[in-house]
Amino acid sequence: MAHNHPLVSVILPVYNGEPYLQESIQSILKQDYPNFEFIIINDGSSDASWDIIQQIQDYRVRVFTQENCGLPATLNRGIHLAKGEFIARIDQDDRALPKRLSAQILFLQTHPQIGVVGSAYRIIDATGTVIGIRYPLCMPHQVKRHLFIGNPFCHGSVVFHKHIVLSVGGYDHEAPIEDYELWSRLAGVTQITNLPDVLYDYRIGLDTSMVIVNKEKFVKETEKIRCRVWEHAIPPSVWGGCSASSLWYERRQLKKYPLIPKGTHNRSQHELH
């Protein structure tokens with residue numbers, strides 16, 4: 001039987017995730033943090049995903065199945081089902097490192113002004129081999145300002161306050177880039193940040209993700225979200241004390257070069273410290 005009062009609810013949406021699903025599930029069940037529930041929602045899979053999910057024997061796991069309705073709607077259902085104060089994400093082809101939950105929950109408990117926290121993460125290939133490490137920006141004002149450029153989080157690595165996400169209406173069911181769109185709204189009501197610790201494995205180069213976005217559509221949607229961030233920008237003093245003129249310069253640069261070169265938003269561990 002699951003915890004009656006778990007502090008954390010981990011949400012795993014699944015759609016045809018058979019190849020790496022067992023590995024993803026086990027990475028959560030092996031966390032060194034005890035007080036969590038694990039909500040797994042099968043979103044109308046046509047492969048063996050539901051069979052894998054039903055075989056799990058762990059009192060912390062709650063499983064659900066539904067007709068296919070897409071990632072944003074499935075995530076919102078998971079949030080409403082959650083008993084925890086905090087919501088942790090994981091994707092069906094990724095892995096959480098053992099200390100992930102304990103590190104992020106401790107951070108949120110000791111930094112009540114922070115509503116969303118992600119982490120640095122390893123990039124892995126189809127075999128699970130680590131091929132790189134990405135260190136995102138970590139200072140809250142830098143992370144917020146990065147919204148002017150693009151998505152500052154690895155979606156599966158985030159943990160957030162349930163009530164804060166519900167206060168802005170949750171994920172937008174129509175948004176092709178549902179996470180970036182949500183962060184752009186949350187930035188107006190809470191602080192957002194990343195931990196410099198590597199706590200997550202992000203698998204690339206696969207067609208097993210729940211969301212396969214057309215590149216042209218991705219570019220257009222990214223630009224649409226950026227424009228909305230600019231239109232509803234918080235006063236410059238909140239965005240790290242930068243001047244209005246510096247923000248407008250950045251905006252001109254983004255209009256001239258709308259997509260940043262791959263990797264320019266990363267920081268090495270040396271630069272972080």
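Helices (H or I, at least four residues) and strands (E, at least two) are taken here as DSSP runs, numbered from the N terminus. This is a predicted model, in which local features need pLDDT of at least 70 and side-chain atom pairs count only at pLDDT 80 or more, while totals for chains, interfaces and linings use all residues. Residues are numbered from 1 along each chain as its sequence is written, and side-chain values use heavy atoms, with hydrogens and water left out.

Ser-24 is buried, at a relative accessible area of 0%, where buried means under 20%, exposed over 50% and partly exposed in between (1.4 Å probe, protein chains only). Leaving aside residues up to four places away in sequence, Ser-24 touches Leu-12, Ile-90, Asp-91, Gln-92 and Asp-94, a contact being heavy atoms within 4.5 Å.

Strand β1 (residues 8–14) pairs with β2 in the parallel sense over 7 bridges, pairing requiring that DSSP find at least two bridges between the strands. Between β1 and β2 the chain passes through helix α1 (residues 18–29) in a right-handed β-α-β crossover, that is, one whose path from the first strand over the helix to the second runs clockwise with the strands pointing away from the viewer. Within this pairing, Phe-38 of β2 is the bridge partner of Val-10.

On to the next neighbour: β2 also pairs in the parallel sense with strand β3 (residues 61–66), over 6 bridges, and there Phe-38 stands opposite Val-61. The crossover from β2 to β3, which runs through helix α2 (residues 49–54), is right-handed. As for cover, 8 of the 8 residues of β2 (residues 36–43) are buried, with Phe-36, Phe-38, Ile-40 and Asn-42 on one side and Glu-37, Ile-39, Ile-41 and Asp-43 on the other.

Charged pairs come next. Across the whole structure, 9 salt bridges are found, each defined as a side-chain nitrogen of Lys or Arg within 4 Å of a carboxyl oxygen of Asp or Glu. One of them joins the side chains of Glu-37 and Arg-62 (2.9 Å, N to O); Glu-37 lies in β2 and Arg-62 in β3, so the pair ties together parts that are 25 residues apart in sequence. Both Glu-37 and Arg-62 are buried.

Another salt bridge is formed by Arg-95 and Asp-201 (2.8 Å, N to O), linking strand β5 (residues 95–96) to strand β9 (residues 191–203). Arg-95 and Asp-201 also belong to a network of salt bridges with Glu-23, Arg-122 and Arg-203.
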